[in-house]
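Subject: Structure handover

Hello,

Here is the structure I promised to pass on. My notes on its side-chain pairs follow below it.

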Amino acid sequence: MAGIVGSSGDYESDPKFGAGLLLRAPLPWLSRYVLDMAADDVGLFIGAAFTSLDRDLDPEPENPDGSVVMLAVGLDYTFVRSDGWLLMAQAGLQYLHFGDIFEAENGMGFLGGLTAGIELFNGFWLTVNPQFWLGGGDYFFA
């Protein structure tokens with residue numbers, strides 16, 4: 001996955017490029033046996049993404065910029081998966097590590113997202129996956 005990552009105004013940083021990897025595994029025991037669904041609509045996802053933060057502070061402190069590592073885990077639910085279409089919702093936890101960026105504190109927060117896609121040909125999907133992270137009164141969106 002690749003895209004633009006933005007943050008709340010408290011970080012005083014312009015949106016930056018971000019890239020990462022998202023893996024999903026269906027949970028048939030939860031979908032079929034616990035929740036009595038006909039398909040494996042509930043899944044587990046894990047993800048890692050990387051971006052940067054360049055704080056525009058005056059006066060400029062030492063270490064106003066650096067890399068940000070985001071690690072996520074959660075559950076997703078498939079609303080639509082038929083005839084070449086896909087729509088899923090995500091909910092989970094995400095940890096953000098800011099390295100040594102001035103006054104940016106590492107922390108855990110809640111993650112919500114949507115995945116929408118279209119199957120271009122057998123097994124090859126084009127998807128978009130906007131996500132929103134909220135923790136400690138601040139947020140990131142990608």
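Arg 24 is partly exposed, at 31% relative accessibility (buried means under 20% relative accessible area, exposed over 50%, partly exposed in between, with a 1.4 Å probe and protein chains only). Before the rest, two notes on the source. This is a predicted model, in which local features need pLDDT of at least 70 and side-chain atom pairs count only at pLDDT 80 or more, while totals for chains, interfaces and linings use all residues. Residues are numbered from 1 along each chain as its sequence is written, and side-chain values use heavy atoms, with hydrogens and water left out.

Salt bridges

The whole structure holds two salt bridges (a side-chain nitrogen of Lys or Arg within 4 Å of a carboxyl oxygen of Asp or Glu). One joins Arg 24 to Asp 76, at 2.9 Å from N to O. Arg 24 sits in strand 2 (residues 16–26) and Asp 76 in strand 4, so this pair links parts of the chain that are 52 residues apart (strands, E, at least two residues, and helices, H or I, at least four, are DSSP runs numbered from the N terminus). Strand 4 covers residues 65–82.

Aromatic pairs

There are eight aromatic pairs in the whole structure (rings of Phe, Tyr and Trp, the last by its six-membered ring, with centres within 6.5 Å; planes under 30 degrees apart count as stacked, over 60 as edge-to-face and the rest as tilted). One of them is Phe 98 with Phe 140, a tilted pair at 6.0 Å centre to centre and 45° between the planes. Phe 98 lies in the loop between strand 5 (85–97) and strand 6 (107–121), and Phe 140 in strand 9 (residues 138–141), so the pair ties together parts 42 residues apart in sequence. Phe 98 is buried at 1% relative accessible area, and Phe 140 is buried at 4%. Both rings belong to one aromatic cluster, together with Tyr 11 and Trp 133.

Regards
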